[in-house]
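This report walks through a structure, from strand pairing to chain contacts, a ligand and salt bridges. Keep the model open while reading.

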Amino acid sequence: MTNTEKVKRGLAKRYRKERRFRAMGLIAVLLGFAFLIVLLSDITIKALPAFHQTYLKLDINLDPEVLGLAPGRPLDEKAILHADFRSVVRRSMYALFPEVRKRRDKRKLAALVSTGAQYQVRDRLLRDHALLGQTFSMWVLADDDVDTYLNTRSLRDLKQSERRLRDNQVAWLERLKQEGRIDRRFNWLFFSSADSREPELAGILGAVVGSFYTLLVTIGLAFPLSLAAAVYLEEFAPRNRWVDFIEVNINNLAAVPSIVFGLLGLAVFINFFGVPRSSPLVGGMVLALMTLPTIIIAARAALKAVPPSIREAALGLGASHTQMVFHHVVPLAMPGVLTGTIIGMAQALGETAPLLMIGMVAFIVDIPQGFTDSATVLPVQIYLWADSPERAFVAKTSAAILVLLGFLVLMNGIAILLRKRFERKW
Amino acid sequence: MMSEQPTTAATRVRVPEDDDDAILSVGATSQGGAVEPENGYTTVGEPFVDQPKMQTRDVNVFYADKQAIFDVNLDFAANEVLALIGPSGCGKSTYLRCLNRMNDTIPICRVAGELLLDDEDIYAKSMDPVLLRARVGMVFQKPNPFPKSVYDNVAYGPRLHGLAANKSELDEIVETSLKRAGLWNEVKDRLAEPGTGLSGGQQQRLCIARTIAVNPEVILMDEPASALDPIATAVIEELIDELRQKYTIAIVTHSMQQAARVSQRTAYFHLGKLIEVGDTDRVFTNPRHQLTENYITGRIG
Ligand SMILES: Nc1ncnc2c1ncn2[C@@H]1O[C@H](COP(=O)(O)OP(=O)(O)OP(=O)(O)O)[C@@H](O)[C@H]1O
Ligand SMILES: [Mg+2]
């Protein structure tokens, strides 16, 4: 047998092996991709209802008497804020269905409108005082049960006892629909308001702002600290047992369960230093601790990757060690450091457990105005909504997850962009 | 030993014919790797000059326990190009890097011996390595411009040392350095473009311009043309010849033709030992040591 024949015989086997390996790799990738698609589409489908909200058209009569405004008194903001818009909204609802007389039925009728409707009307009057005493038609928020019922086909076939809306309520809704008084509109409220017990009023902005402040604290602490630590360890630290010990500990810190950082924050920052609990400040501090090792490790890798030829060039020209580090090595490592930082921030953005320990799970209806206000963050908001019994919160939860994923994709996109933008050829 | 007078060394010059023992002994000591103060070898030729710019005496260099340079004695004359040749791994770079203390950056590297720049001890406590490197510049094997503009590359050294009082002075330094490096005409319209975008040969000339912008007294070059094509190499060689008017130059090269073309003196290293030094013409036409002859005639390395 010639050499060529021997090689040929083995060749088929080699190719088979290669094909098998490639097929396996491809299957693994496809499987992962499929899971991702399923997950994302499931979340998206569940989230869709949250982006629209049912509105009812009511004929609002701003009767000063009903509002409880004293006649003759000038209409100022304070008076409006104390006026009884709830009754106004109810009356306009009753006016649509004059045949409903029983108190119980009336209550059911009023329940079709969101409790937020009265504030919509109030804000309208605040903007335009001339509306007092007028009758005008206005789209107000429907209750979340209405929204859920109209959006969930399966609910219509259920018996009355198995769903939240009574049969008479359903009949009223049908009539409103025929009169063109029901409409679904884009749910701006979801993006412009904070949390609420009422799903139709609950929004993500409070959590987004909370996350923003928290991440601001995190990046403000973690970036300079870890850059300094990485530069020192990589460029200046003597090689001895202490430094090795510190290095090992930093690497281990990266593997510590995040809830432990929460406990630490509770014990040290809140109980010892008295940082206000459930504030973005303390949340950011805890997350900074958590992301420190991630960024340090990434920054050190980036510093290490700066080619020695550049260092030698600088030293050869008479730059001191410090000058070499800060004129050349650190700037060249910056894209890598920033990538690490953004990945660390993405990790911090998605973190829940440590924040539960420091009280960021509180139910907060106000959008935080600063670093020391009580706040919640996106993942905790998701956790809170996922825990809520109202069916409408299912959609909200998924929508919030989409928003969170959106931010994460955005951050990772920036990281990739930075890497591409500053990628250098030596 | 070589700390004696040059005349003594000259009397010990051996002729290649009866040098077999010497070759063996050189091989034996270096294979053993043992640190032996009496290495028992003598540099052939003329390692010393009358008015040296730099002097090195009994230089021994160690990487941890491994000795890379053995008792090297060598002078560098002003306005002269000295070529360091020898087979790969013989310690040329190591020796060259001692001359501006670049070896300080390698923690395991230890340098012993006396190295003088204008009679000042390079390794004295009073000698600041930063100042030393401003006086003894270095050009490396691979062109290593900073990933900054051409202008900033050249201006970096002067800025570092505060050599220019203002912008126009700095501009002038940059221009004259680039002109002297023979690069000005090619880059004068692209000073703001990154230095890494130039061709290999241009990059190396940029590195030379960067080095001379600091106005050093000595320039060390470690295989400056090894990454370049023949034409770019010729340009660099011409440049080196011109630079000789102003600077003292030591150049490591693997190309014997290059050594013959650009240098006035040549030093041949072998396994960490300085075997032979002499006028370039003489060394190449009439090597006195068998090892030198072997190398030059292509039997080693
Ligand atoms: N950083 C280092 N650590 C340990 N040993 C080193 C180091 N640098 C060089 N050496 C050793 O020192 C000896 C001399 O190396 P050097 O780089 O000076 O050789 P060279 O003559 O410049 O070779 P070449 O012509 O290939 O560049 C070699 O045996 C090498 O392995
Ligand atoms: Mg070398």
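## Strand pairing in chain A

In S2(A), Tyr55(A) has Leu141(A) as its bridge partner. The strands S1(A) and S2(A), the latter spanning residues 135-141, run antiparallel and share 7 bridges. S1(A) covers residues 52-61 and also pairs with strand S3 (residues 182-186) of chain A, again antiparallel, over 5 bridges. There, Thr54(A) sits opposite Arg184(A) of S3(A).

Two terms apply here. Strands count as paired if DSSP finds at least two bridges between them. Helices (H or I, at least four residues) and strands (E, at least two) are DSSP runs, numbered from the N terminus.

## Ground rules

This is a predicted model: local features need pLDDT of at least 70, side-chain atom pairs count only at pLDDT 80 or more, and totals for chains, interfaces and linings use all residues. Residues are numbered from 1 along each chain as its sequence is written, chains are lettered from A and ligands numbered from 1 in the order written, and side-chain values use heavy atoms, with hydrogens and water left out.

## Where chain B meets chain A

Contact (heavy atoms within 4.5 Å) links 22 residues of chain B with 18 residues of chain A. The buried area is about 1,600 Å², and carbon and sulfur atoms give 65% of that. Buried area is the accessible area (1.4 Å probe) that two parts lose on being put together, summed over both.

The two chains share 1 salt bridge, a term for a side-chain nitrogen of Lys or Arg within 4 Å of a carboxyl oxygen of Asp or Glu. Glu312(A) and Arg97(B) form it, at 2.6 Å from N to O. On chain B, helix H4 (129-135), strand S7 (136-139), helix H5 (150-161) and helix H8 (200-213) each supply at least two residues of the side that touches chain A.

## Around ligand 1

Which residues come nearest to ligand 1? Of the 14 around it, they are Ser88(B), Lys92(B), Ser93(B), Thr94(B) and His254(B). A residue counts as near if one of its heavy atoms lies within 4 Å.

Oxygen atoms of the ligand lie close to polar atoms of chain B. For Ser93(B), a polar side-chain atom is 2.5 Å from a ligand oxygen. For Lys66(B), a side-chain N or O atom is 3.0 Å from one. Gly91(B) brings a backbone N or O atom to 3.0 Å.

## Salt bridges overall

The whole structure holds 34 salt bridges over all chains. One of them joins Glu235(A) to Arg311(A), with the closest N and O atoms 2.8 Å apart. Glu235(A) lies in helix H11 (residues 205-236) and Arg311(A) in helix H15 (residues 308-316), so the pair ties together parts 76 residues apart in sequence.

Terms used
A polar contact is a pair of N or O atoms within 3.5 Å; within protein, one must be able to donate a hydrogen and the other to accept it, and residues adjacent in sequence count only if both atoms are side-chain atoms.
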